Amino acid sequence: MLVENQPDSALRKIGEKILSKERILFDEGVLLFEKAELPYVGALANHVRERLHGDKTYFNRNFHIEPTNVCVFSCAFCSYSRLYAHREEGWEVS
């Protein structure tokens, strides 16, 4: 079974918790991040994904460098943008 492949008992307990549909605590997430092997974390994440969404997976690759966070639009898309009228609160790459 999935949880038997990870030797650390604390990580195994977290895995069993995830497999039994229990929510993990913040510290347990940190322990997974710091100590668990990537294939173990990936298998747990995939288990949750399949349980929630079946066999569908979506991926978005979006990498670009913004020269400024000053914007003329007032949409709610960017959480970090500053309106042009308040450009002193923003930043611009020279």
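Which residues line the largest pocket? Point 5 comes back to this.

1. A few ground rules before the details. This is a predicted model, in which local features need pLDDT of at least 70 and side-chain atom pairs count only at pLDDT 80 or more, while totals for chains, interfaces and linings use all residues. Residues are numbered from 1 along each chain as its sequence is written, and side-chain values use heavy atoms, with hydrogens and water left out.

2. Let me start with helix 1, which spans residues 9–19 (helices, H or I of at least four residues, and strands, E of at least two, are DSSP runs numbered from the N terminus). Its buried residues are Leu11, Ile14, Gly15, Lys17 and Ile18. They sit on the same side of helix 1, because they cover an arc of only 160° around the axis (the arc is that of the directions from the helix axis to the C-beta atoms). Buried here means under 20% relative accessible area, exposed means over 50%, and partly exposed is in between, with a 1.4 Å probe and protein chains only. Among the elements covering these buried residues are helix 2 (26–35) and helix 3 (38–53), where contact means heavy atoms within 4.5 Å.

3. The two ends of helix 1 are worth a look. After helix 1 comes lysine 21, in the loop between helix 1 and helix 2. Lysine 21 has a positive phi of about 65° although it is not a glycine. Most residues other than glycine have a negative phi. With a relative accessible area of 62%, lysine 21 is exposed.

4. Now the core. Seen as a set of buried Ala, Val, Leu, Ile, Met, Phe, Trp, Tyr and Cys residues joined through side-chain atoms within 4.5 Å, the largest nonpolar core has 7 residues: Leu11, Ile14, Ile18, Leu32, Ala36, Tyr40 and Leu44. Helix 1 and helix 3 each supply at least two residues of this core, and helix 1 gives the most, with 3 residues.

5. Back to the opening question. The lining of the largest pocket consists of Ile18, Lys21, Glu22, Arg23, Ile24, Leu32, Val41, Leu44, Ala45, Val48 and Arg51. A pocket is an open set of points on a 1 Å grid over the protein atoms alone, where a 1.4 Å probe fits, with protein on both sides within 12 Å along at least five of seven lines; lining residues have an atom within 4 Å of a point. The volume is about 200 Å³, taken as the space filled by probe spheres set on the points. Helix 3 gives the most to this lining, with 5 residues.

6. Lysine 17 is in helix 1 and counts as buried because its relative accessible area is 16%. The lysine 17 side chain makes a polar contact with the side chain of glutamate 28 at 3.0 Å (a pair of N or O atoms within 3.5 Å, one able to donate a hydrogen and the other to accept it; residues adjacent in sequence count only if both atoms are side-chain atoms). Not counting residues up to four places away in sequence, lysine 17 touches Glu22, Arg23, Ile24, Leu25 and Glu28. Arginine 12, also in helix 1, is partly exposed at 33% relative accessibility.
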